[in-house]
Each structure stands twice: as C-alpha cells, then as structure tokens.
Amino acid sequence: MKTLITLRVNGTEHEIAVEPYWTLLDVLREKLGLTGTKKGCGTGNCGACTVLLQGRPVSSCLLLAVDARGKDVNTIEGLAHEGNLHPLQEAFIKYGAFQCGYCTPGVLMASKALLDANPRPSEQEVKEGLVGNLCRCTGYNRIVQAVMAASKELKP
Amino acid sequence: MAAYTYLGKSFPIVQSKEKIIGETLYAGDFRLQNMLYGKILHSPHTHARILRIDTTRAEALPGVKAVITSADTPGARCGRFIQDRPLLALDEVKYRGEPVAAVAAVDEDTAADALELIKVEYEVLPAVFDPLLAMKPSSVLVHKDSESFEPRPPRRNGKGNIVDEFSISQGDVEKALSECHVIHTDSYRTPAVHPGFLEPHAAVSVVDGSGRATMWCATKAPFLIRAHTCKFLKLPLSKLRVIAPTVGGDFGGKGTATVEPISLLLAMKSRLPVKLVLDRQEEFNCVPLREAAIMQITLGARKDGTIHAIKGQIVLDSGAYNDTVGRVEGSATNLMGVYRIPNVDLQAVLVYTNNPPRGHVRAPRAPSPVFAIESHIDMLSRKLGMDPIEFRFKNIVQDGDRVTGSKSILHPVGLKPALLSAQEYIKRESPAGGTREKNVGWGVACGMWATRPVGEGPASSAWLKINEDGSALLITGVTDNGGGQLGAYSQIVAEVLSIPYESVSVVSADTGVTPYEQGTGGSQTTYRVGMSVKLAAEDARKQLLELASIQLEAPTEALDIKESRVFIKTMPERAVGLAQLASSSLHSHKGPIVGVGREQREKLVSEMMAHKVDVDMGTYSTHVAKVHVDPETGLVKVLKYFAAHEAGFSINPDNVKKQIEGGVVFGQGFAMSEEVVVKDGDTVTGSLMDYKLPTISMAPKVDYVIVEIPSTFGPWGAKGVGEPPVVPVAPAIANAVYDATGVRIRELPVTPEKVYMGLKGNRNTG
C-alpha cells in the first residue's frame with residue numbers, strides 16, 4: 001500500500017507515492033529520473049549508489065525511500081552548481097580519475113562527504129574515506145590524487 | 001621525431017563532462033514509455049531433465065505481460081567458437097543458474113512474484129564438477145549431443161566431455177630431462193573469476209509496428225549481439241538494430257548474447273518495451289567467468305642455468321557451455337612462458353563440467369599458465385642457486401628466435417629492456433648495502449600477450465563525413481568501454497585533416513548506422529580500428545586536396561593542409577578553407593565528401609606470409625612487486641609495484657598509462673582476493689561481500705616504464721596495451737611472498753589464510 005511522501009533532492013521537493021519497501025536508489029532512478037546514481041550490487045558493497053543524506057554518505061540501495069522523508073538528499077546531479085563544475089569534478093577530469101565512469105558518481109559523492117567533514121585529509125585518510133567505493137578501471141591512484149588536489153583547491 | 005599537433009597528446013576522454021555530472025546514459029538508465037521490467041528464472045539444479053513447465057499462474061498475475069520459455073524460440077544454439085548454448089534451457093538444464101524462463105511485468109516486484117508462480121518439474125540427473133573427473137571416458141556426460149554442435153572453427157579431438165585438446169612438442173623431452181642438472185616439478189591451481197565490471201548486464205528492447213526491433217545493451221560487440229540474437233530468435237538481421245551506449249566496463253565479459261535476446265523476446269511477446277538488468281548474484285551465476293585451471297609443470301635446466309626441457313599439462317574447466325572460451329593453443333603455449341626451451345611436451349585440455357559457463361575475461365588464457373610458469377621459474381632458479389632475474393636473462397626469448405613448433409620468427413621482442421628496467425628498479429628502491437628488510441620480499445615476473453590477430457575476424461572499416469562547415473563526423477562500429485578509443489580516434493582524424501580536435505564528433509557502436517566491427521577487445525582495437533580510421537581520414541584528405549587543386553590551380557602534390565585550410569606550399573597565401581571546399585562540393589555534382597577506410601588486412605597477411613615472420617605478434621613485459629607480509633596474520637600488503645611494458649607509439653599517452661595502472665590492480669584481484677567459489681556446481685560467492693574486488697586500500701601506486709617499440713603495421717606504430725598489464729601480476733606477487741617468507745603459494749588467490757598456514761606449518765603448502 002503506497003504512501004505519499006515528500007523527498008527533497010538537490011534542493012527540489014518531489015511528492016511521490018512509494019511502497020514502504022522501495023529503496024531510495026530505486027525511487028531516485030525509476031521515479032524521479034535521476035539516473036546518475038548507479039546500482040552496482042544492491043547489497044551495499046560497491047558504493048556506486050552513494051548519495052548524501054543530511055550531508056553524510058549512504059548506500060542508497062540499503063536505505064528505504066520513506067526513511068529519506070524530510071531529509072536533504074544530494075545526488076551527483078546536484079554537485080555542479082548552475083553549470084559550473086565542483087572542484088572535485090574539475091580535478092577528476094584533470095587527473096583522468098575515471099574511465100568507464102560507472103563508479104564515478106558514487107566516488108564523487110563519497111569524496112564530497114569526505115572533504116566536507118575533513119577538508120585537508122592525508123592520502124591515507126582519503127583511502128579510508130573511499131574504501132567503500134569499488135572501481136574496476138582506474139587502479140584508484142588517480143582518484144586519490146584528484147581528491148587531494150581538489151582539497152587544496154577548496155581550502156588553500 | 002615527428003612533431004604532431006594532436007597525436008601523442010593526452011586529451012581527456014570523450015564524454016568526460018557528461019560522465020562527471022552523471023548525465024551519461026548506460027543501458028540500464030534508458031526509460032521508454034510503457035516500459036516493462038524483465039526477470040529471468042534460473043535453474044536450481046546442476047543437471048536435470050525438464051519434464052514440464054507450467055506458466056499459467058504466472059501469466060495470470062495482474063501486471064504480467066509476457067512469459068517465455070524455450071518453446072517460444074526455435075531452439076537454436078549459439079557461441080563465438082563452438083555453438084553449444086541455447087538461449088533458454090531446452091530439454092535439459094546443464095548448470096545451476098541456467099536461464100529456463102523469463103517474465104516481463106509492469107514493475108520489478110511483479111516480475112519477481114511472477115517467477116515464483118512458474119512451476120517447473122525436473123528430473124535430477126547425475127552431474128560432474130571436477131574437470132579431472134570429467135575428462136575421463138567413464139564420466140557422466142554433460143552434453144550427450146555434443147557431436148551435433150556446430151564447430152566454428154572445427155573442433156579438434158573432442159571426445160566425451162573434452163571440448164578441445166592441444167599438444168605442442170619439440171625435441172625429446174624424456175631424454176632431455178635425463179640430461180638436466182636440476183629438475184623441478186610442481187602443480188598449480190587458479191580459480192574462476194568474474195570480469196568485475198561495476199555495471200551489470202542490461203538490455204532495453206523495443207519493437208515497432210512493422211516488427212523492427214531496437215535494442216540498447218551493455219555490450220562491447222553490438223554486431224555479435226545482433227547476429228546471435230537473430231539466430232536465437234530466427235529474425236532477419238535487417239529487423240534488428242543493436243546500439244551499445246556508454247558501457248560501464250567490459251573486461252571481456254560483455255561479448256556474448258545472454259540477457260539481450262531474452263529482453264527482445266519479451267518485448268516481442270508483450271508488444272511493449274522491456275528492460276532487463278541482471279542483479280549481482282545473477283552476474284556470478286549465468287554469465288561467463290574466467291575458466292579455472294589445474295596445471296602441472298616439470299622444468300629442467302642444465303648446470304650452466306640454461307633451461308633444457310619442459311613437460312606440462314593444463315586442464316581448463318569450460319563449465320557447461322564453451323561459448324567464448326575458444327580453443328586452447330594459447331593455454332598450452334603460455335605454459336612455456338617467455339623462454340627458449342629446446343625440448344617441449346605440453347598439453348592443454350578444455351573440459352565440459354556442470355559448473356556455470358566460462359568465457360573471455362581480460363587477457364583470456366594467459367594469467368593462469370603464466371602464474372604457473374613464472375612461479376616455477378623462480379623455484380627452479382633457487383634450486384640452481386641462481387638469482388631469479390639472472391636466470392631469466394639467461395633464458396628469455398630474443399628477437400629473431402623461432403616460435404616453438406612453427407616456422408615463424410618472433411619480432412620485435414622488447415623483453416630484455418623490460419627485464420633490465422625491472423632489475424634497475426629493484427636496485428634503486430632497495431636499501432643501500434643490500435640489507436634485507438624484515439618480512440619484506442621482492443618478486444619478478446615476465447609476461448607476453450599477443451595483441452595482433454592475423455587473418456582472424458573481419459577487417460575493420462570506418463567512414464568519415466566532412467560537414468559543410470569543415471568539421472568531421474567519424475562513424476565507427478567500435479565501442480568505448482572506458483579505454484578512451486573514441487577520443488584517440490578523434491585525435492587521428494584531427495591530425496590527418498589538420499582540423500581542431502573539438503570539431504571531430506563520433507557516432508559509434510550502432511548496427512543500424514556504423515560499419516561492422518567485431519568488438520572492442522583483444523588489445524587490438526587501436527591496431528585495427530585506429531588503422532581504418534587513419535585510412536578513412538586520408539581518403540577524405542585526398543578528396544579535399546583534389547577539390548582544392550582545381551580551385552587553387554595547382555597539383556595536389558604542391559598542396560598541404562594546416563588548421564582547416566588547404567594552401568600551396570610555396571605560396572601559402574593562396575589558400576582555401578576546408579569549410580568552403582566541403583560546402584561547395586556538397587552543392588555541386590560531386591556531392592558530400594565521405595572518406596572510407598578499410599584496414600589493409602591483405603597487405604599485412606601477405607607481408608607476413610612472405611617473410612614468415614610473426615610480425616607484431618606479442619608485447620612483452622616485466623613486473624616487480626615489493627610486499628610486506630605480517631607474520632602474525634599472513635596479511636600481504638603490496639608496498640611498491642613496477643611494470644615495464646612494451647608499447648608502440650602512444651596516440652594518447654594518458655590512455656596507455658591508465659591501462660597499465662588499471663590492469664595491474666585488475667591482476668592484483670586475481671592474485672590476492674578474487675575467487676568465485678563453486679561447490680558441487682553451486683555458486684557460493686553470490687555478492688560483492690563474498691567476492692572481493694580490489695579496494696582502494698589494497699591498490700599500490702604503480703610505477704612504470706614504457707619500452708617503446710613501434711609495431712610494424714599499426715597506425716604510426718601503435719599497438720595494444722589493454723590486456724598485457726594483467727598477465728604477470730599474480731606470479732610477481734606470489735614470488736614476492738616467497739621471497740619474504742619462504743612460503744610458496746601454488747593456488748590462487750594468495751590469501752592471508754594460506755600464507756599464515758604456510759608460515760605455521762609446512763613451508764611449502766599451497
């Protein structure tokens with residue numbers, strides 16, 4: 001039996017009818033058309049579905065949509081501001097920190113949460129912050145370099 | 001050294017901005033009006049006869065629009081090599097996980113409910129899971145009807161469950177072994193592993209009122225998907241258009257038609273669009289994994305350290321269907337590694353079992369035998385009392401050596417410089433004075449990967465449209481799964497035509513639009529497709545110069561193009577813009593300018609036949625791993641990693657670096673953490689919790705050196721590098737663990753448990 005809920009995603013409110021057992025990931029992708037967040041495993045192990053809930057990174061495949069009611073949700077679609085890329089996005093392009101791009105939205109959201117909480121991380125702290133994000137293409141080092149570079153850009 | 005404007009530059013990959021803002025659509029992101037969701041019913045049995053399938057209750061469930069079984073298909077079998085696999089199980093299921101039926105419903109939940117309402121009656125049959133048992137004539141047969149499978153190419157020696165066998169011999173091995181000063185014999189095992197792409201298999205299919213179908217699917221080979229789908233569903237090729245949008249990683253695993261034809265059949269039956277996406281558990285169960293291997297090697301050397309003889313066998317588990325595993329020569333020859341060995345007796349056997357099917361995974365047929373031989377070389381060198389690197393120097397193949405068992409000559413061979421730079425790296429990075437760090441070890445391994453297939457597969461072709469504003473549109477069948485091919489080929493067009501890189505657009509991977517392409521992979525895409533793109537651009541350039549020569553009243557030899565203008569070399573102020581040429585041609589009797597390029601395969605083949613040289617055959621590499629082993633827990637940490645790779649000219653140097661960096665960590669998974677555990681046909685690893693892909697904390701920083709040896713026939717001497725970095729990683733790490741601890745791991749992956757048990761108990765357990 002569906003419930004009407006309001007979700008605030010990237011600052012915009014959406015009113016939708018959801019089943020109580022629907023995940024936030026499925027609602028974002030299938031109901032709101034925000035397909036930037038990806039499903040990689042469905043069990044919270046790969047990080048491709050990472051979004052920010054009240055600024056904290058969560059695996060949206062493990063979160064019920066109803067539990068996001070009344071809370072700020074931020075997805076990759078909201079990372080750039082009015083067409084201007086976020087320094088993380090600029091750094092990822094500059095350092096070539098992605099190839100197929102499938103894990104990238106999740107990695108970027110996890111990186112944003114990391115830098116919001118710890119603006120000047122060490123390389124080790126970056127690795128710890130991103131250990132929940134799998135990438136099969138890059139070998140990870142460029143991701144670390146890009147996040148480090150973005151951190152310096154955000155907080156010189 | 002030529003100065004290029006666009007070649008040799010590291011442009012960001014095409015679609016960078018779209019990927020970074022989450023705008024790029026992968027197959028599973030597509031949504032069509034009134035789209036249904038498909039789900040597959042999998043066999044719960046490893047081997048069983050299907051007595052009856054009752055779909056009536058599923059069909060009656062509200063929201064279900066189609067239910068299919070093999071009865072809805074002509075029952076055809078497909079495969080890239082041997083055509084043994086049906087789309088949905090026919091009279092028998094051959095492995096646990098085999099697709100038996102499928103449904104399409106208004107949402108995923110309804111589809112899942114419908115699967116539970118399909119009643120299948122099975123009669124369980126005996127099954128075989130161990131390839132060593134399956135090889136025996138007395139074994140249970142996986143396919144009683146295997147003689148009727150269409151072999152493509154011809155199936156050799158296959159008897160019973162044996163799919164294929166290959167032997168290579170030279171000299172007199174038994175006599176040679178008796179002449180050896182030192183002999184080492186050992187066995188090795190490698191598990192089945194998944195390609196590990198983050199994007200699961202996905203297909204969205206729709207059929208229009210005239211019966212024409214369009215399918216967007218995650219594949220690296222849209223033309224193969226079209227061919228196999230049409231065979232599975234008995235459709236004329238002209239009725240199906242297959243488009244590969246951006247693919248979220250392929251690594252060999254998206255080159256065969258599994259879920260795609262199922263989505264289309266559901267769309268045909270329901271007369272609505274259908275999206276079918278596999279979940280991660282299904283990924284481990286019904287799509288091809290790298291075959292598990294069981295290997296034995298006996299290697300003998302003379303007193304002076306020259307290898308004198310090798311005897312060995314590799315048995316490969318094909319699973320229930322061979323599909324893309326192909327023939328086994330490569331597995332046998334890779335057991336020899338990169339060494340000169342005068343006396344050889346090697347055998348490879350590929351066997352059907354009732355395990356899930358096996359197929360291509362990045363660098364097919366190489367990582368397992370190379371793990372064996374490179375571990376083995378290390379042990380033999382130590383038995384001889386020789387340094388493992390010096391032992392390798394003494395025995396590696398050289399440029400001009402004859403390929404074992406063939407008349408061909410190896411050329412070029414960049415192995416010596418690769419090994420040298422590896423040796424220098426270790427010297428540079430090791431503590432001064434030669435002191436050994438506690439619990440730390442160094443390991444070296446050499447690899448070879450054949451990046452050029454001569455005579456195999458269709459030649460590549462490309463088309464280049466010149467727009468009336470002087471910009472260009474490249475039309476190519478290739479897919480870009482992250483490797484950066486589309487951008488690199490745009491660089492080729494920009495260079496040949498001397499137009500801005502940004503003015504080149506690409507349309508790709510669409511069977512309804514682009515020329516045929518066999519698929520991205522085999523580390524030969526740039527070698528073949530890059531060449532056809534270069535030739536298409538040169539053809540367009542020729543047409544532009546011919547037009548300009550009329551307008552400028554000068555012969556074409558006197559002209560050149562720079563920055564979108566054709567000019568007379570001796571009078572550069574006499575010029576005409578490409579836009580003007582293209583536009584005026586368009587409006588004249590000549591019509592639009594289109595360049596056509598076809599990879600000159602006949603030229604390559606005839607040159608090779610003439611010289612009997614295995615030109616551009618392999619690229620060589622040497623890897624070094626420095627590891628730390630925690631004696632309390634057996635945990636292995638890769639502290640440093642170095643890769644020396646032979647590569648040709650780099651059209652986009654960053655693309656090359658990325659393949660090495662990514663390929664090493666890909667190989668590290670095979671070495672240290674990945675294993676699809678299958679017990680009695682039951683896939684135990686069903687999630688990314690159980691199946692450990694390398695994480696950011698495992699991955700070392702990869703230092704590398706390129707040994708630049710141009711290819712003879714690739715565009716500007718380019719050659720492939722996508723797969724070579726995967727090949728020697730496992731033995732480099734295993735050898736480093738041995739160096740640190742004296743524990744020899746013979747069975748991958750090198751896990752803390754195995755290292756710990758080795759440290760505590762028998763030093764030589766695997």
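Reply: Contact here means heavy atoms within 4.5 Å. By that criterion, 53 residues of chain B are in contact with 46 residues of chain A. This is a predicted model, in which local features need pLDDT of at least 70 and side-chain atom pairs count only at pLDDT 80 or more, whereas totals for chains, interfaces and linings use all residues. Residues are numbered from 1 along each chain as its sequence is written, chains are lettered from A in the order in which they are written, and side-chain values use heavy atoms, with hydrogens and water left out.

Me: How do you know what confidence the predictor has in chain B?

Reply: The score is pLDDT, the predictor's confidence in each residue, from 0 to 100. Chain B averages 93, and 96% of its residues score at least 70. For the complex, the predictor gives an ipTM of 0.97 and a pTM of 0.96.

Me: What makes up the area buried between chain B and chain A?

Reply: Buried area is the accessible area (1.4 Å probe) that two parts lose on being put together, summed over both. Here that area is about 3900 Å², and carbon and sulfur atoms give 57% of it. B:Ile20, B:Leu198 and B:Ile696 supply 22% of the area that chain B buries against chain A, more than any other three residues.

Me: Why is the pair A:Lys38 and B:Asp29 called a salt bridge?

Reply: The term requires a side-chain nitrogen of Lys or Arg within 4 Å of a carboxyl oxygen of Asp or Glu. Between chain B and chain A the count is six salt bridges.

Me: Which elements give two or more residues to the side of chain B that touches chain A?

Reply: They are helix H1 (16–20) and helix H17 (653–672) of chain B, helices being DSSP runs (H or I, at least four residues) and strands likewise (E, at least two), numbered from the N terminus. H17(B) provides the largest share, eight residues.

Me: What makes the radius of gyration of chain A agree with that of a compact globule?

Reply: The radius is taken over C-alpha atoms, and the globule rule is 2.2 Å times the number of residues to the power 0.38. With 156 residues, the rule gives a value near 15 Å; chain A has 15 Å, and therefore agrees. Chain A has five helices and five strands.
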